[in-house]
Amino acid sequence: MSLADYGFDVDLFEKDKIGGTCLNYGCTYITGLREMADILNDLSILKNKKIRLEEIISFKELQEKISKIQDKIRNKLEKETKEKGVNIKYKEFKEKYEDNYDYIVYAVGKKYPKSYNGYENVLTHRDIPNLKELPENILIIGGGTVGVEYASIFSDFGSNVILYTRSKILKEIKDEDIRNYIMKNLVNFKIINDKDKFEKLLKDDNYTKILAIGGKGLFETDEYLRIKNKNKTYACGDCLINGGGNTPISRMEGRIVAQNIYNEINNRELKKPNYDLVPKTVRMSLTIAYVGKQTNKYKILKSHIGKGNFYKVLKSVGLNKIYYENGKVVGAIIMTPCPEILPYFAQLIRGIDVYNNFIEVHPSTDIFYKEFRT
């Protein structure tokens, strides 16, 4: 869409579904599961007993409803993309097609493993949206954001969940106060580190295994996102060996690629992507969002009680910290139903007064934020 804005004739090849991993298998899909888990948590608090998913809706019916919403989003995305002038081709791009174009941009995502140490009876992120029944017992392999989100959601649904990690979960969150709060109040599943126990569970047919470990990028690029050893060929998103990582980063890289192609043709200076102060989010029974450094100097802020966490007052409403270094704000961790404030916080750390004419909406659509987003 950015390339079309610059006036290029653009063909977009898609072998599966428009919207990529995020919309169809990743963050947007998980949002649907997480919101249902939040409903169950609130009902459990009000009833003072554990309410399971199947008491409200079958897992199959929930999957179908999420799929219908995804269809609506996908159709809207396709319509908006075509209205920009982009020609969508629903087929796999072959390397031999490169000669038909002046420039090529690869945005094909990571290559994910489909087995674990030779064990092939595992589900990946692409398999979970096709599940028809809620598994009774689940073994999740991986202690990063995706693994923890799966574990939290399926445990909220009523499954018996065990997560295996070789070290500890959510390693980027180093603040021990925050970690202790998460372990005490938010972790509702069992965590194991013992390899022998894990090997036994891996062979236990009573457990559905979910593989939640990172994939591998496909392309090495220079600092301007040009694929090395290829002419007029760029890459962005998760297919980068060093780069990508989440949807906002991929979007930023896509805009940089479009601008660099335009600049290259017009003999202008190329731009480098900026990976400083990337906000990250983990969705558990409370949403945890963090950005910047975690230092020994901080202030603790209380969570605002309102939409999204009113009933959670009876259980837990989160721990929030703002971190300082040399008298300046350098980072934050918040647990709030409104994690969208973190990108604004990142801009504040950069020294931009984002609170002037502030509008509380998601930064990707905020007209004031757009002035600074690149």
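Predicted model: local features only at pLDDT ≥ 70, side-chain atom pairs only at ≥ 80, totals over all residues.
Residues are numbered from 1 along each chain as its sequence is written, and side-chain values use heavy atoms, with hydrogens and water left out.

The account opens with helix packing. Helices (H or I, at least four residues) and strands (E, at least two) are DSSP runs, numbered from the N terminus. Helix H3 spans residues 27–47 and helix H4 spans 59–83; helix H5 covers residues 145–157. The axes of H3 and H5 come within 9 Å and cross at roughly 45°. Here axes are lines fitted to C-alpha atoms, for helices over the stretch in contact, and angles run from 0 to 180 degrees between N-to-C directions. Angles under 35 degrees count as roughly parallel, over 145 as roughly antiparallel, 65 to 115 as roughly perpendicular and the rest as oblique. The crossing of H3 and H5 is left-handed; a crossing has this hand if the near helix is turned anticlockwise from the far one by less than a right angle, and is right-handed if clockwise. On the H3 side, the residues making the contact (heavy atoms within 4.5 Å) are Ile30, Leu33, Arg34, Met36, Ala37, Leu40 and Asn41. Their counterparts in H5 are Glu149, Tyr150, Ser152, Ile153, Asp156 and Phe157.

Glu149, one of these H5 residues, is buried, with a relative accessible area of 2%. Buried means under 20% relative accessible area, exposed over 50% and partly exposed in between (1.4 Å probe, protein chains only). Leaving aside its neighbours within four places in sequence, Glu149 is in contact with Ile30, Thr281, Val282 and Arg283.

H3 also packs against H4. Their axes come within 10 Å and cross at roughly 135°, and the two helices are therefore oblique to each other. H3 passes H4 in a right-handed crossing. From H3, the residues Thr28, Tyr29, Gly32, Leu33 and Met36 meet Phe59, Leu62, Gln63, Ile66, Gln70 and Ile73 of H4.

The next topic is the nonpolar interior. A nonpolar core is a set of buried Ala, Val, Leu, Ile, Met, Phe, Trp, Tyr and Cys residues joined through side-chain atoms within 4.5 Å. The largest such core has 47 residues, and Phe154 and Phe157 have the most contacts inside it. Elements that give two or more residues to this core include the helices H3, H4, H5 and H6 (176–186), together with strands S4 (137–141), S5 (160–164), S10 (287–292) and S13 (328–335). Beyond its neighbours within four places in sequence, Phe154 touches Phe59, Ile128, Leu134, Ile138, Ser159, Val161 and Ile210, all by contact. Another core, of 23 residues, lies apart from the largest one and has Leu225, Ile227, Cys236 and Met252 among its members.

Several loop residues complete the picture. Thr295 is placed in the loop between S10 and strand S11 (297–301) and is buried, with a relative accessible area of 15%. The side chain of Thr295 forms polar contacts (pairs of N or O atoms within 3.5 Å; within protein, one must be able to donate a hydrogen and the other to accept it, and residues adjacent in sequence count only if both atoms are side-chain atoms). It reaches the backbone oxygen of Lys297 at 3.0 Å and that of Tyr324 at 2.8 Å. Leaving aside its neighbours within four places in sequence, Thr295 is in contact with Tyr323, Tyr324, Glu325 and Val330.

Glu14 is found in the loop between strand S1 (11–13) and helix H2 (20–24). Its side chain reaches the backbone nitrogen of Asp16 at 2.8 Å. The C-alpha atoms of Glu14 and Lys91 are separated by 5.5 Å, although these residues are 77 residues apart along the chain. With neighbours within four places in sequence left aside, Glu14 is in contact with Lys89, Tyr90 and Lys91.

Asn48, in the loop between H3 and H4, is exposed, with a relative accessible area of 71%. Leu170, in the loop between S5 and H6, is buried, with a relative accessible area of 7%.
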